Amino acid sequence: QVQLVESGGRLVQSGGSLKISCALSGAPFSTYIMGWFRQAPGKEREFVAAIWWSGSNSDYADSVKGRFTISRDNAKNTVYLQMNTLKPEDTAVYYCAAGTGSWPRVQVHEYDYWGQGTQVTVSS
């Protein structure tokens, strides 16, 4: 049974940094493309970042490019999102997702498994 569990979300001041994590269990982690999405109140779930199974390729939404960095540790079955220079508009529930097949993957329907999310709140 595949499970994804996010952790690390919290309240942070504008301009600050935060690193969140997602651990996968029940499947071969190294075979999955891993992605991060976020959803703010009243908005659709949107793509944030994705990383290839080997970590050799990454993709970012324009809104976070240069501020966020996705990484993965296959030995720990964990994907990370390092968030720097946070803005109030980054406030959202952040979800990790796992998918197989083609690259890149930037849409919700392109992923097979989802975590429950972790809340990130950026105060002004």
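**Briefing: ring cluster, disulfide and sheet**

Ring pairs join F37, F47, Y111 and W114 into a cluster. The model is predicted. It holds seven aromatic pairs and one disulfide. Four strands also form an open sheet.

**Aromatic pairs**

- A pair of aromatic rings is described by the distance of the centres and the angle of the planes.
- F37 and Y111 make an edge-to-face pair, 5.3 Å centre to centre with 80° between the planes.
- This pair links distant parts of the chain: F37 is in strand β4 (residues 33-39), and Y111 is in the loop between β9 and β10 (113-114), 74 residues apart.
- F37 is buried, at 1% relative accessibility.
- Y111 is buried too, at 5% relative accessibility.
- W52 and W103 have ring centres 6.2 Å apart and planes at 75°, so this pair is edge-to-face.
- W52 sits in the loop between β5 (46-51) and β6 (58-60), and W103 in the loop between β9 and β10, so the pair ties together parts 51 residues apart in sequence.
- W52 is partly exposed, with 24% relative accessibility.
- W103 is also partly exposed, with a relative accessible area of 28%.

**Disulfide**

- C22 and C96 form a disulfide, with their sulfur atoms 1.8 Å apart.
- The link between C22 and C96 is right-handed, with 45° about the S-S bond.
- The pair links distant parts of the chain: C22 lies in strand β3 (residues 18-25) and C96 in strand β9 (residues 92-99), 74 residues apart.
- C22 has a relative accessible area of 0%, so it counts as buried, the cut-off being under 20%.
- C96 is buried as well, at 0% relative accessibility.

**Sheet**

- The open sheet has four strands in the order β1-β3-β8-β7, with antiparallel pairing.
- β1 (3-7) and β7 (68-73) are the edge strands, and each pairs on one side only.
- From one strand to the next, the twist averages 15°.
- Strands of a sheet pair through backbone hydrogen bonds, either parallel or antiparallel.
- β7 and strand β8 (residues 78-83) run antiparallel and are joined by six bridges.
- F68 stands opposite M83 in β8.

**Charges over rings**

- K19 places its charged end over the ring of Y80, 4.6 Å from the ring's centre.
- R45 lies over the face of Y95, 3.7 Å from the ring centre.

How values were computed:
Residues numbered from 1 in each chain as written. Predicted model: local features only at pLDDT ≥ 70, side-chain atom pairs only at ≥ 80, totals over all residues. Heavy atoms only, no water. Disulfide = S-S within 2.5 Å. Helix = DSSP H or I, 4+ residues; strand = E, 2+ residues; numbered from the N terminus. Buried < 20%, exposed > 50% of the residue type's maximum accessible area, 1.4 Å probe, protein only. Pairing = 2+ DSSP bridges. Axes fitted to C-alpha atoms, helices over the stretch in contact; angles between N-to-C directions. Phe/Tyr/Trp six-rings, centres within 6.5 Å; stacked < 30°, edge-to-face > 60°. Lys NZ or Arg CZ within 6 Å of the ring centre and 35° of its normal.
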